[in-house]
Structures are given as structure tokens and as C-alpha cells.
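Hi everyone, thanks for coming. I'd like to walk you through one model today, starting at the ligand and ending with the domains.

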Amino acid sequence: MRSRSVSIPQGTADASAITPDELRLAVRNHGMPLEALAYDVTPIGMHYLLIHYDVPRVDATSWRLEVDGAVSRPMSLTLADLGARPTVTSAVTFECAGNGRALLDPRPLSQPWLLEAVGTGSWTGTTLAPLLAEAGIADEAVEVLFTGLDRGVEGELEQSYRRSLPVAEALQPDVLLAWGMNGAPLPPQHGFPLRLVVPGWYGMTNVKWVSRITVLDEPFTGYQNARGYRLRLDTDEQGVPVSRMAVRALMVPPGIPDFATRRRFADRTEHVIEGRAWSGAGTIEAVDVSTDGAVTWEPAELEPAADPHAWRRWTFDWRPQAAGDHELCCRATDAAGNRQPLESPWNLGGYANNAVQRVDVTVT
Ligand SMILES: Nc1nc2c(c(=O)[nH]1)N[C@H]1C(S)=C(S)[C@@H](COP(=O)(O)O)O[C@H]1N2
Ligand SMILES: [Mo]
């Protein structure tokens, strides 16, 4: 992926080429073009998409949200019932846990993301915690399970897409049940009519097309928690659950691209490099930029955080000193002291690869 040669793809593929299965996934699940890092809130249609199975067609009039399990007062709510509750809007950055997967070597076979599985939505909905309080969570409750209406097969198991969260996480005051995105009703591909929004966690947590919330008195052992989304080197290993987003900065690639190769060309005037940074472990403390392939680093300028759960904008003035090839890199550090590595440890699922971004630019 770091080749400096400008090659034009012409009907041949080498061993590193993506497979037909990966291509099929890649055209269904598109990324956010990196130039959209320029927006505080990603326009609908530019936000990345990740859908394990098919987008379900949901009839909003017959749809209900069931709240059941270890609760004293089970509920069945319409969209109007939810809409009558206190409403909040919050900008939240999502990143797919598989972002960066296709840059790992060997490449785990799944959705072949490079770096663009990220976006920030302005989500409108109601806070989950008061709803669970009304339902009356039992003292023995340990997790809350969210079930989507989409069904498929994964790991040879037929299943609905569902994920659980520890009770303490589900009760965080910033966890939302959202019916709106960027001021409009949720579009079908983003979870119409209702989705979960859990700030700080990797994307898989934000269950779309939610139809059931089940309070559990023992941990969920279903596929997406027990087998999928685990950091492990081998299928026999239990591994560590994937949870919060690792610290990361990305830049808008400067200059202009070659159509086929996406290689960048820039002139020798001053360029304002801009980008965004985020972390699931706290606020962003610093972003550094390198214009010499991560040999030396200089601090970027950080803008004040616009929303506590949204990515933070940064800029860096770059005046190329010479014509020729330059490798631009950026790396973020968060308040917990986490800093992006030059290389991220490999794992079977290709999750949480937050290695620094590298952009080759030819200065003319
Ligand atoms: N029901 C359901 N929810 C889901 C998924 C899914 O396939 N089905 N994909 C998850 C994953 S892996 C990600 S990264 C995010 C993507 O959200 P977006 O498509 O709205 O960007 O949704 C999550 N919620
Ligand atoms: Mo994801």
C-alpha cells in the first residue's frame, strides 16, 4: 500500500488484489471520501455504511420497540411514543472497528476498508437510561441486548444482528435511541426507524433497525459479542472484546488526485492541511504532522472541540521546500496518553488498526 510507483490498473491483478467476495462487500458498504473530513457533520450519503446482511424494509406504522427481559414493566412503544419523550440532538463520530483492515498484512478477509470507514452524524433521539428506568431493571441485570430486524448467516449461524452492552455502559447519559440523522428521519441504510447510538465505541455497537431491547441477567453469548468483534490471533482463542475506538487522526489528502491511482499532486505554494481526530478514551490532546514519512513531527493546530462526542478539527500549514515525492503523516494523542503507533498489532478480524495515515504527494 505504500508503493511510490504510479501504476495504472489494467485488467490484471497480483496476489495482493482483493477477492470477488471482498469486492462485493466493498461496493455495498461504501466509505466516507476523505475530503468529507472537511465537514463538522458528514452529509448523509457521504457517511460510511456497514451492513452485515440486507437493509430491511421496515413499515413504521406496524413497527414497535419491545423492552423486555429482566425488567418489572415490559414495554411496547410506537415511534410516536418515542417521539413524545424528551428529545436530544448530538453529533457523534462513528468508526467501523474494521477501519484500516485492508492495510494489514496478511489482509483478513472481510470488508476491505482502507481508512475511510468513519463519519460524524447529528443524531436526534431520546436518552436510553430513563426508558430503562421506567421499565424497571432488575437488580440481577448484567447486560442489555439490542436486536435489529436484519437477519443473515455468519460463522455458519443464522442470526439477527444483535449486540449486548454492559448495564453500566447502556445507562450512560449520552447513549441514545435515535430516529433522526442530520435533521431528517433515519434513512433506510442507517437504521430506519430507530438505531442505538453509543458515543466512543466502535461502530458495531450502534445497532440499526432496533426492534427489541432485552435486559439480561447473564452475559450474552451470541455471535457478535462472543465470536465476532474479538481481538485474537487464532479462532481457538477467546480473545478480548472490541469496545472503544482507538485514538486516530486522518487528513484530507492535499492537492489533486490522479483518477486511477489516487496519487496526489500538489504545487509549491502553501497548503493548509486539514483533518479530524477522535478517540474513544477521552478528548484529543495533540495532533502531529510529518512531511518526511514519520521521521520528524511538528504539532498541528487544534480547534476547540465542537461537540464532546464528535471528531476535533486540526490544521497544519505546509509549504513544500522542494519538488519531488513527499510522504505526509498525521498522528493523534488523547487525554489518556494514547498515541497512534506507526504499526498496529495484527489480529484475525483486522480490528482497531489505528496506525498513522500516510499520504504520498508529488510536488510539482
Ligand atoms: N442491525 C445492524 N446494526 C448494525 C450493523 C448491522 O449490520 N446490522 N452494522 C454495524 C457496524 S459493523 C457498523 S460499523 C455500524 C455502521 O453504521 P452506519 O452504516 O450507519 O455508518 O452499524 C452497526 N450496526
Ligand atoms: Mo463495523
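Let's begin with ligand 1: it has 18 residues around it, and those that come nearest are H52, D150, H190, R195 and K208. Near here means that a heavy atom of the residue lies within 4 Å of the molecule. A quick word on the basis: this is a predicted model, where local features need pLDDT of at least 70, side-chain atom pairs count only at pLDDT 80 or more, and totals for chains, interfaces and linings use all residues. Residues are numbered from 1 along each chain as written, chains are lettered from A and ligands numbered from 1 in written order, and side-chain values use heavy atoms, without hydrogens or water.

By class, that shell has ten nonpolar, five polar and three charged residues; Ala, Val, Leu, Ile, Met, Phe, Trp, Tyr, Cys and Pro count as nonpolar, Asp, Glu, Lys and Arg as charged, and the others, Gly among them, as polar.

Now the polar contacts, meaning N or O pairs within 3.5 Å. H190 places a polar side-chain atom 2.6 Å from an oxygen atom of ligand 1. From the backbone, a polar atom of H52 is 2.8 Å from a ligand oxygen, and an N or O atom of L50 lies 3.1 Å from one.

Finally, the domains, whose bounds come from an automatic or database assignment: domain 1 is 12-241 and domain 2 is 248-363. Their C-alpha centres are 27 Å apart, and 40 residues of domain 1 contact 23 of domain 2 (heavy atoms within 4.5 Å).

Key. Polar contact = N/O pair within 3.5 Å; in protein donor to acceptor, adjacent residues only side chain to side chain.
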